[in-house]
Amino acid sequence: MNKIYYTLLPLCALISLGADACTGITLKSRDNSVVVARTMDWSGEEMDNMYVIVPRGHVSQSSLPNEEEDGMLFAAKYGYVGIAVLAPEYIIDGTNEAGLSAALFYFPKYGKYQDYNPQYKENTLADFQLVPWILSQFDNIDDVKQGIQNIRVINFDPRAETVHWRITDKYGKQVILEIVNGVPNFYDSELGVLTNAPGYQWHLTNLNNYINLYPGAVEPKNMHGLQLRPLGAGSGFLGLPGDFTPPSRFVRAAFFETYSLQQNTASETIRQAFHILNNFDVPLGVQFNVDKAPNNMPSATQWTIATDLTNMQIYYHTMYNRNIRHIDMRAIDFETVAYQYQMLDKTNIQPMTEIQIVTE
């Protein structure tokens with residue numbers, strides 16, 4: 001059996017169950033550094049989460065629905081770094097040495113790929129491997145748009161739902177890719193926010209329902225002699241949805257991203273991205289009926305990543321370790337580095353530091 005097919009079978013079964021709630025944002029600092037960030041939320045099962053370093057020349061092959069067949073081969077023109085789940089071939093979010101970033105987000109019920117046809121297996125690519133294909137082949141979004149016309153993206157397991165993608169270049173240009181009825185659709189993403197279903201354009205329209213919201217406090221009002229005042233700070237956001245559905249998270253992320261204070265530098269913006277996305281951590285259990293949670297992980301938000309595309313820096317923390325870790329892509333020679341992957345956490349427990357009390 002094809003190795004990739006075998007290792008991703010558990011993930012396909014999980015995705016068919018839903019309960020994914022990823023949230024993505026995009027920030028730019030005053031020095032014009034571009035930061036893309038997102039959560040990876042999955043409450044169905046604790047997954048093997050790993051970072052992957054891929055050198056130039058590394059050859060990948062797509063898996064196909066028939067495990068006895070192999071799909072499209074592609075050799076890396078560009079080296080890249082990404083975070084994968086369950087298998088190193090399944091990269092959820094990554095960046096290549098040219099500063100192009102690609103990430104996938106759950107998109108159930110609203111997307112539809114082309115049906116698998118063995119006649120075209122040599123240019124057929126499983127959706128799970130579209131991110132590494134993009135990162136390995138392209139240095140700009142226009143070429144991605146052109147290149148995808150020459151391949152057939154499929155769902156290699158009927159149990160799995162569809163996904164959609166966010167693609168961003170080092171200058172901050174961003175598009176959302178959704179494949180519907182077998183046709184790839186690219187949408188310019190000036191807002192820089194992405195969650196899950198329904199489609200991206202629907203989410204933009206839905207923002208009109210919240211046109212009344214604004215930062216700050218509501219002015220006091222007099223009602224027949226009764227003085228009405230806000231009960232606390234931030235009353236201009238009263239009515240901002242706080243649940244974990246994709247439409248509500250999209251609205252919340254759009255307002256937090258838009259009205260958070262722009263930072264001066266990339267490093268400050270990275271920290272800001274993590275603070276914003278802390279608001280989207282999903283406590284395990286809230287997505288299930290009482291006593292129906294399938295496990296007892298620390299969080300349904302298994303990891304959060306923030307990438308400085310301008311300075312080629314990748315940062316992440318996990319549900320087990322909130323300390324931010326860092327990969328400097330500038331220090332990697334993608335011509336000579338070995339293909340490698342490592343678990344995001346060496347131990348599955350949050351480190352804690354005891355405060356030493358001065359007694360004298």
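Student: How many bridges join strand S12 (residues 174-180) to S13?

Tutor: This is a predicted model, in which local features need pLDDT of at least 70 and side-chain atom pairs count only at pLDDT 80 or more, while totals for chains, interfaces and linings use all residues. Residues are numbered from 1 along each chain as its sequence is written, and side-chain values use heavy atoms, without hydrogens and water. S12 and S13 run antiparallel (strands, E, at least two residues, and helices, H or I, at least four, are DSSP runs numbered from the N terminus). The number of bridges joining S12 to S13 is six.

Student: Which strands are the edge strands of the open sheet of eight strands?

Tutor: The order is S13-S12-S11-S8-S7-S6-S3-S19, with antiparallel pairing (pairing requires at least two DSSP bridges between two strands). An edge strand pairs on one side only, as do strand S13 (183-188) and strand S19 (340-343).

Student: What angle does the direction of helix H2 make with that of S7?

Tutor: Helix H2 (residues 130-137) packs on this sheet, touching S6, S7, S8, S11 and S12 (contact: heavy atoms within 4.5 Å). Axes are lines fitted to C-alpha atoms, for helices over the stretch in contact, with angles from 0 to 180 degrees between N-to-C directions. The direction of H2 makes with that of S7 an angle of about 5°.

Student: In S16, which residue is the bridge partner of Asp41?

Tutor: Strand S2 (residues 34-41) and strand S16 (residues 301-308) pair in the antiparallel sense over seven bridges. In S16, the partner of Asp41 is Thr301.
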